[in-house]
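Here are my notebook entries from a first look around. Come along as I go from one stop to the next.

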Amino acid sequence: MKSFLLSLLLCSWSLLACADPAIQVENAWVREAPPGAQMMAAYMTLKNTGSSDVTLENITSPTFRMVMLHKSVIVDGVARMSHQDSLPIPAGTSVALEPGSYHLMMPAPEQRLHSGDLVEFNLQFADGGTVRVQAIVRKKP
Ligand SMILES: [Cu+2]
């Protein structure tokens with residue numbers, strides 16, 4: 001029993017050590033999509049509490065076969081989305097992924113997600129750090 005507890009402690013400690021402590025994620029959520037929707041979007045605020053700039057480079061999720069980083073822009077009065085290869089988060093600032101701006105976009109999974117479901121995202125940064133995020137599915141911000 002004692003060794004089991006010890007390995008559990010070591011394990012959770014090493015998970016913490018793996019995460020990039022400079023990045024804090026707040027208000028992560030996935031917008032519930034209507035039945036038959038092809039795509040879903042996710043939003044969150046990324047806060048860089050450290051003293052060096054970081055760049056979000058890649059996002060994965062066990063729930064979605066791919067996760068894209070988009071930015072909504074208005075071109076000639078028409079709303080479009082542009083694909084972003086990476087997202088810089090300067091030291092001491094926060095960047096909001098929110099409706100009308102940056103967002104994550106994913107093909108809807110076969111199993112439909114409902115309000116209250118939890119979805120995990122893994123954010124991978126240019127310095128090699130990763131942050132695991134739990135996002136909740138809901139209808140509105
Ligand atoms: Cu998009």
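I started with the copper ion: H70 (ND1), M81 (SD), H103 (NE2) and M105 (SD) coordinate it at 2.1 to 2.5 Å. I took as donors the N, O and S atoms within 2.8 Å of the metal (3.2 Å for Na, K and Ca); water is not among the atoms, so sites may look incomplete. I keep in mind that this is a predicted model, where local features need pLDDT of at least 70, side-chain atom pairs count only at pLDDT 80 or more, and totals for chains, interfaces and linings use all residues. Residues are numbered from 1 along each chain as its sequence is written, and side-chain values use heavy atoms, leaving out hydrogens and water.

Next I looked up how the donors are spaced along the chain, and found H-x10-M-x21-H-x1-M. M81 sits in strand β5 (residues 78-83) and H103 in strand β8 (residues 102-107), so this pair ties together parts 22 residues apart in sequence. Strands here are DSSP runs (E, at least two residues), numbered from the N terminus.

Then I checked accessibility, where buried means under 20% relative accessible area, exposed over 50%, and partly exposed in between (1.4 Å probe, protein chains only). M81 is partly exposed at 46%, while H103 is buried at 3%.

My last stop was backbone angles. N27 is not a glycine, yet its phi is positive, near 55 degrees. N27 belongs to strand β1 (residues 23-31) and is partly exposed at 47%. D76, also not a glycine, has a positive phi of about 50 degrees. I found D76 in the loop between β4 (68-75) and β5, exposed at 79% relative accessibility.

Definitions and conventions: Helices (H or I, at least four residues) and strands (E, at least two) are DSSP runs, numbered from the N terminus.
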